[in-house]
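The following exercises are to be worked with the sequence and the model in view. Each task is followed by a solution in steps.

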Amino acid sequence: MINEHQLVKDCLKGKPSAQKALYEHFAAPMLGVCYRYTKSMTDAEDVLQEGFVKVFHYLGQFRGDGDLGAWIRRIMVTTAINYLKKNSRYQYDLSFSAEQQGYLHPVSPENPEVNLDAKQLADLVRQLPPGYQAIFNLHAIEGYTHVEISAMLGIHEGTSRSQYARARNLLITWLQKESESIKMSHYARS
Amino acid sequence: MPGRDFEKAMQEKAQQLRLDPSPAVWQGVAEQLKQRRRKRGVAWLLLAAAIISGIAVVWLAPENMIHSRDQQNTIAAGKEKQNQTSPNKLPIEANSTLTDKKDSQTEQPATPENNLNNDAVTSAPAPASSLPKQGFADNKSADNKSSVNKASANKPAATKPVVTRAAGKKVTVDELTAVTAEVASLKAAGKQAAGKNVPVIASDSYSDAAVAVAPGAAQRGIDPADINGIDPFHRQIAVLRPEANTGDRQIKAGIVKLDPARKKGWYPSLHLVLGASSLQEDVLKQYNTFANEYQNTTMIPTGLAAPQRRPSDVKTGPAFAVGMNINRYFGSKISVGAGFHYVYMSNRIEIGSPVDSAYYDNRQQQMVTRTAYNGSGNNGESFHNRYHLLQVPVEFNWNIDRKEKISWNAGVAIGYLVGSDAMQYNKQAGVYYRDNDALRKWQAGIFSGVQYNFREVKGIRYSAGPFIQYQLTSLEVEHTNKHQLLVGIGGRMHLKKIR
């Protein structure tokens, strides 16, 4: 167990060993965060790198009364969103048209069982279009409200809600298909 | 809520995801950290270089551009002594003593008082054309004209201004020797013209000092400055006491110290500005948030009602600046300087209630509520957007009046925004949030002020007056018409010169 307080102090002093220790401690979970927002591992690692540079740059602003991991996680999420906005490959899917704003899918009442492991689930989320993917991650996983998401992505609150509903429906459909195929393979084996 | 179990299950799974990054990621991070450190070092070096080069420019300015205030000092001293001058005594000043030994045996008497009398030093009956032209010129300055007129008024009509030294020129021994002969002839002519007690004077409106030279000094090949050990630019009047008896009178001699040189060297000063700052669209127009940042959030097509949100008005907030300047004079009235200031500016907005949000804390395995956003509105809580700048002002200063009571200064300031807790408004979402990356870090501004010297204690002058600073650079990267304006009262403590 590392002493986060001491680690932060040493990082603020500019000690490279402390910076590396901090990175090694948080790199794996944070790459998981970045992975969920991007479409490739290369992009995820780019975001991770950029995010950690920001972490070290703004570490002085970390007050120490909260959880360091959560603080770094917020930076990673923000970095990922900015990366999506900047990157031309994602921009098209992030621009929400007026038609999309008015469209609202009916929310499925079902709560399918999530039998996939973390990696499989993340891969499933990554199959969503980037706009859906970002909104789903922000709302369902990070817990941001639609007001906050609208501020982060520069969209209307209603757009965020409708996109989330779409993403959720798609995922539920895919999960149901996955669970059916798992059941089928189970039966086949037995 | 029908879907909460699904979200919870998704969250739990997502938090478990851990992936090992490739070693290249850390190498990239380490490299960028190094680059940042280098950039920071370069920025400090540039700042230091800017300051040093500014100082060097002022320092290496040609010496002849520096006009000391001693001219005024000399005249002032002369005025004081003028009343003491006996009308029966012949005032001989400065160059009038530049005679050879033979001449000095028969020359008119002189007194130190007369030597100091610059008001009466520019009259002589001899024709101006007979005077040497190189290194000397008819003085056309207002000060000297006035002194000439004053002198002439008390003298015979035949007297008129003849010689003045060109300001800032160092007099050589040859020139002094040449003047010696001329002065001798002037004296003779003066006697003839006026009969008696005619002031025979070679003028000296030398810019830095009135230098009186002992008879014979020029012929001995001694520079007047060397004789007295005083640089002609120095603020002392030096008169050498002659050893020889000059007939029935002797030239009294002595060294009279005038006001120390205040216009040569470096003049540090401490600055303090207290005032208020506001956001402007331009110098005269205050920033209108409603016109610039309001977006009408109508009913969205699905029928979900969105509350109407509008940005808060921006009101003035307290501001101050504190720092140090160093100035160097060019001429008796104009100075140029640079400094280093810390500037605090702020403005006041009203924000609404915090918008609650939550995130999943991986370690504690629970949802944590946080408030990163604030709602908008003009009926909420007051919030001060604060900006901390470090800036390097380069200023031009002009002493408006003769007594140097009032001065006007203006200049430009390059600054760096070192910190801020300002909130930005998101017009789509209608919330305030904090993002320092949205602020422009490098800021350029112009400033101006008027200073009134109200007190001087032990050589330290205190002045105060109105001050205004307008930032030419927009405060935010996205909005190009957000400029800061600081208006206040500026005070300065002018310290003693460094050199």
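Residues are numbered from 1 along each chain as its sequence is written, chains are lettered from A and ligands numbered from 1 in the order in which they are written, and side-chain values use heavy atoms, with hydrogens and water left out.

**Exercise 1.** Determine where the pLDDT of chain B stays under 50.

Solution. Begin with the whole chain: the mean pLDDT (the predictor's confidence in each residue, from 0 to 100) of chain B is 67, and 49% of its residues reach 70 or more. Next, locate residues 64-170 of chain B, where pLDDT stays under 50 and the model has 249 contacts (heavy atoms within 4.5 Å) beyond four places in sequence. Then take residues 193-261 of chain B, also below 50, with 186 contacts beyond near neighbours in sequence. Where pLDDT is low, the predicted coordinates should not be read in detail.

**Exercise 2.** Describe the largest cavity and its lining.

Solution. On a 1 Å grid over the protein atoms alone, a cavity is a set of points where a 1.4 Å probe fits but cannot get out; lining residues have an atom within 4 Å of a point. Grid points are joined across faces, edges and corners, and a volume is the space filled by probe spheres set on the points. Second, the structure holds 7 cavities of 30 Å³ or more, and the largest contains about 150 Å³ of space. Third, 17 residues line the largest cavity, and H271(B), V273(B), H341(B), F467(B) and R492(B) are the closest to its centre. Finally, the lining has 6 nonpolar, 9 polar and 2 charged residues, where Ala, Val, Leu, Ile, Met, Phe, Trp, Tyr, Cys and Pro count as nonpolar, Asp, Glu, Lys and Arg as charged, and the others, Gly among them, as polar.

**Exercise 3.** Which element gives the most to the lining of the second largest pocket?

Solution. A pocket is an open set with protein on both sides within 12 Å along at least five of seven lines. The second largest pocket has a volume of about 1,400 Å³. Among its 42 lining residues, A43(B), Y416(B), L417(B), V418(B) and W442(B) are the closest to its centre. Helix 2 of chain B (helices are DSSP runs of H or I, at least four residues) gives the most, with 12 residues. By class, the lining has 25 nonpolar, 11 polar and 6 charged residues.

**Exercise 4.** Is N327(B) buried or exposed?

Solution. N327(B) lies in strand 7 of chain B. At 5% relative accessibility, N327(B) counts as buried (under 20% relative accessible area, 1.4 Å probe, protein chains only). Its side chain makes a polar contact with the side chain of E395(B) (3.1 Å); such a contact is a pair of N or O atoms within 3.5 Å, and within protein one must be able to donate a hydrogen and the other to accept it, while residues adjacent in sequence count only if both atoms are side-chain atoms.

**Exercise 5.** Explain why helix 9 of chain A is largely enclosed by the rest of the structure.

Definitions and conventions. This is a predicted model: local features need pLDDT of at least 70, side-chain atom pairs count only at pLDDT 80 or more; totals for chains, interfaces and linings use all residues. Helices (H or I, at least four residues) and strands (E, at least two) are DSSP runs, numbered from the N terminus. Buried means under 20% relative accessible area, exposed over 50%, partly exposed in between (1.4 Å probe, protein chains only).
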